[in-house]
Amino acid sequence: MRDSFDILLLPGDGIGPEVVNAARAVMDVAAEHFGVTLRYEERKIGGAAIREEGEPVSDETLEAAKNSDAVLLGAVGHPDFDRGPARPEAGLLKLRKHLGAFANLRPVAAIPALVSASPLKEEIVKGVDILIIRELTGGAYFGEKEEGEERASDLSLYTREEVERVARVAFEAAEGRSGRVTSVDKANVMATGRLWRKVVEDVAGEYPNVALDHVLVDAAAMHLVRNPGRFDVMLTENLFGDILSDEAAMLPGSMGMLPSASLGLPGTPGIFEPVHGSAPDIAGQGVANPYATILSAAMMFRHSLGRPDVAGAVARGVSVALEAGFRTPDLGGKQGTEQVTEAVCRWATAGEGVT
Ligand code: NAD
Ligand code: IPM
Ligand code: MN
């Protein structure tokens, strides 16, 4: 196992710097415990980069990302730029494309200590364990655009190859879980949906031990809140995955709980970021929930750095802190970002069974 890594930190906007600092503190403690050295470089992205560098992500930052072992990102987006010609979000999209990060893993697990924090009934949420796999570099996000005062269009294009490679990620993940993939599309209306379904069926032939079913995206949105337990691995395209993962965040109870990993071909650095945005409504107040970013750091140790031991320690710190009642206001708690982070740091390395 390697024991020294170069990490690029891109805190971004709003609560991004608050949650990235929190994750960095936990990463440092956990890494040190296992004799792992982390070298950090920090750069701007999003609105912060537009302000300082004139564009949402600079070529130097893209290169720094490519040369790193992994990227930890906070969030981008700020109301100041909602009408401007340059959008903070464009920086994140460019980074994903630059690193070829086509598979976005968004695990959604009901945490026993939090079932009462969910707006959904306990019996619906209990035991939920879904892995959303969202295609991340294709579809309407990246198709040709036309933007005028009278007409606008976003071309949604998928190729067989784009669907195949992300489908393989889903089937491989399912082999290590309960062996079920649900592919979500809009094949009853969209040509991309019909191609998606056909290619996913073809790939399924390579994985005889995995069961596949197809659900239309509108029905999937309904099943997610009526019977989320029916899903194990949920595979879907870029735009549907964006929408369904925010909906799924209500299963654990807050946007502040969902981590993500965006992965490309083996050997390319992954991007690790919370699913939530820059939350301008609470930025600067010290109350942002850092769990999603801390859990994204755990995914980084597992998926990009090959250190499941450090990942396990970080995840353990999170579960014990939650069980001990450390919660930010979005989870109905009273603690701030710092108190929660200190609790996770304390328990990340305290050994099993400490409560
Ligand atoms: P948001 O996720 O920022 O916030 C939605 C709601 O959830 C807000 O009430 C916010 O306070 C709350 N919330 C989100 N994260 C939280 C956390 N960690 N702790 C506590 N509460 C949290 O979504 P939005 O308000 O629609 O978007 C704000 C900006 O963020 C926009 O500019 C958007 O484009 C951007 N955005 C960025 C990303 C990203 O960088 N990956 C993701 C989503 C949205
Ligand atoms: C996400 C965000 C991004 C997306 C935005 C900020 C570009 O909402 O990561 O879920 O739509 O992919
Ligand atoms: Mn989103």
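Thr-328 sits in the loop between helix H11 (308-323) and helix H12 (337-348). The model is predicted.

- Is Thr-328 buried or exposed? Its relative accessible area is 0%, and the cut-off for buried is under 20%, so Thr-328 counts as buried.
- The side chain of Thr-328 makes a polar contact with the side chain of Asp-330, at 2.6 Å.
- Setting aside neighbours within four places in sequence, Thr-328 touches several other residues, including Val-287, Ala-288, Asn-289 and Pro-290.
- Its contacts also include Gly-333, Gln-335, Gly-336, Thr-337 and Val-340.

**The two domains**

- The domain assignment gives domain 1 as 1-103 + 254-355. Domain 2 covers 129-250.
- The C-alpha centres of domain 1 and domain 2 are 25 Å apart.

**Where the domains meet**

- How many residues of each domain are in contact with the other? The count is 11 residues of domain 1 and 13 residues of domain 2.
- The size of an interface is often given as the accessible area lost when the parts come together.
- Domain 1 and domain 2 bury about 1,200 Å² between them. Of this area, 71% is on carbon and sulfur atoms.
- Zero salt bridges are counted between domain 1 and domain 2.
- Three residue pairs are in polar contact between domain 1 and domain 2, counting pairs with both residues at pLDDT 80 or more.
- On the side of domain 1 that touches domain 2, helix H4 (residues 88-98) gives the largest share, with three residues.
- By class, that side of domain 1 has seven nonpolar, two polar and two charged residues.

Key
Residues are numbered from 1 along each chain as its sequence is written. Chains are lettered from A and ligands numbered from 1 in the order in which they are written. This is a predicted model: local features need pLDDT of at least 70, side-chain atom pairs count only at pLDDT 80 or more; totals for chains, interfaces and linings use all residues. Side-chain values use heavy atoms; hydrogens and water are left out. Helices (H or I, at least four residues) and strands (E, at least two) are DSSP runs, numbered from the N terminus. Buried means under 20% relative accessible area, exposed over 50%, partly exposed in between (1.4 Å probe, protein chains only). A polar contact is a pair of N or O atoms within 3.5 Å; within protein, one must be able to donate a hydrogen and the other to accept it, and residues adjacent in sequence count only if both atoms are side-chain atoms. Contact means heavy atoms within 4.5 Å. Domain bounds come from an automatic or database domain assignment. Buried area is the accessible area (1.4 Å probe) that two parts lose on being put together, summed over both. A salt bridge is a side-chain nitrogen of Lys or Arg within 4 Å of a carboxyl oxygen of Asp or Glu. Ala, Val, Leu, Ile, Met, Phe, Trp, Tyr, Cys and Pro count as nonpolar, Asp, Glu, Lys and Arg as charged, and the others, Gly among them, as polar.
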